[in-house]
Amino acid sequence: MVKGRNSIPLWSASPQSFASNLTYNFSTAANQAYGNNQVMIAPGKYASFSGDLNADGIVDGMDFQFWETDNNNFANGYRTADLNGDGIVDGLDYQFWEQNNNAFIGESKP
Ligand SMILES: [Ca+2]
Ligand SMILES: [Ca+2]
């Protein structure tokens, strides 16, 4: 399982062994993740869904308050609520949260 600071945890589609140096590429296809739980970010490139700001495995209203607080404070720098990674928390980040909230995005695990 891999987990980013503001993204839904990703589980590999099948069990992987850590016995030797494990390399696993989630980005080549949606089905590299358990439950095909990825979003296409460019043709042939996949990534985990963002917006899970409280790190509980689902994107919902509980995450909104983290974005709202940072947005109201004009927060910038390395912020969990900076969903597009441009260094500031604003309405552009809200769009990522809203889209994944409306789609009921959550962790899919074995
Ligand atoms: Ca959450
Ligand atoms: Ca941002």
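This is a predicted model: local features need pLDDT of at least 70, side-chain atom pairs count only at pLDDT 80 or more; totals for chains, interfaces and linings use all residues.
Which residues is valine 89 in contact with, leaving aside its neighbours within four places in sequence?

Residues are numbered from 1 along each chain as its sequence is written, ligands are numbered from 1 in the order written, and side-chain values use heavy atoms, without hydrogens and water.

**View 1. The calcium ion (ligand 1) and its donors.** Asp52 (OD), Asn54 (OD1), Asp56 (OD), Ile58 (O), Asp63 (OD) and Asp63 (OD) coordinate the ion at 2.2 to 2.6 Å. Donors are N, O and S atoms within 2.8 Å of the metal (3.2 Å for Na, K and Ca); water is not among the atoms, so sites may look incomplete. Their spacing along the chain is D-x1-N-x1-D-x1-I-x4-D. Asparagine 54 has 24% relative accessible area; aspartate 63 has 0%.

**View 2. The calcium ion (ligand 2) and its donors.** Here the protein donors are Asp82 (OD), Asn84 (OD1), Asp86 (OD), Ile88 (O), Asp93 (OD) and Asp93 (OD), at 2.2 to 2.5 Å. The donor residues are spaced D-x1-N-x1-D-x1-I-x4-D in sequence. Asparagine 84 has 29% relative accessible area; aspartate 93 has 0%.

**View 3. Valine 89 and its contacts.** Beyond four places in sequence, valine 89 is in contact (heavy atoms within 4.5 Å) with Trp67, Asp70, Asn71, Ala75, Arg79, Ala81 and Asp82.

Technical notes
Buried means under 20% relative accessible area, exposed over 50%, partly exposed in between (1.4 Å probe, protein chains only).
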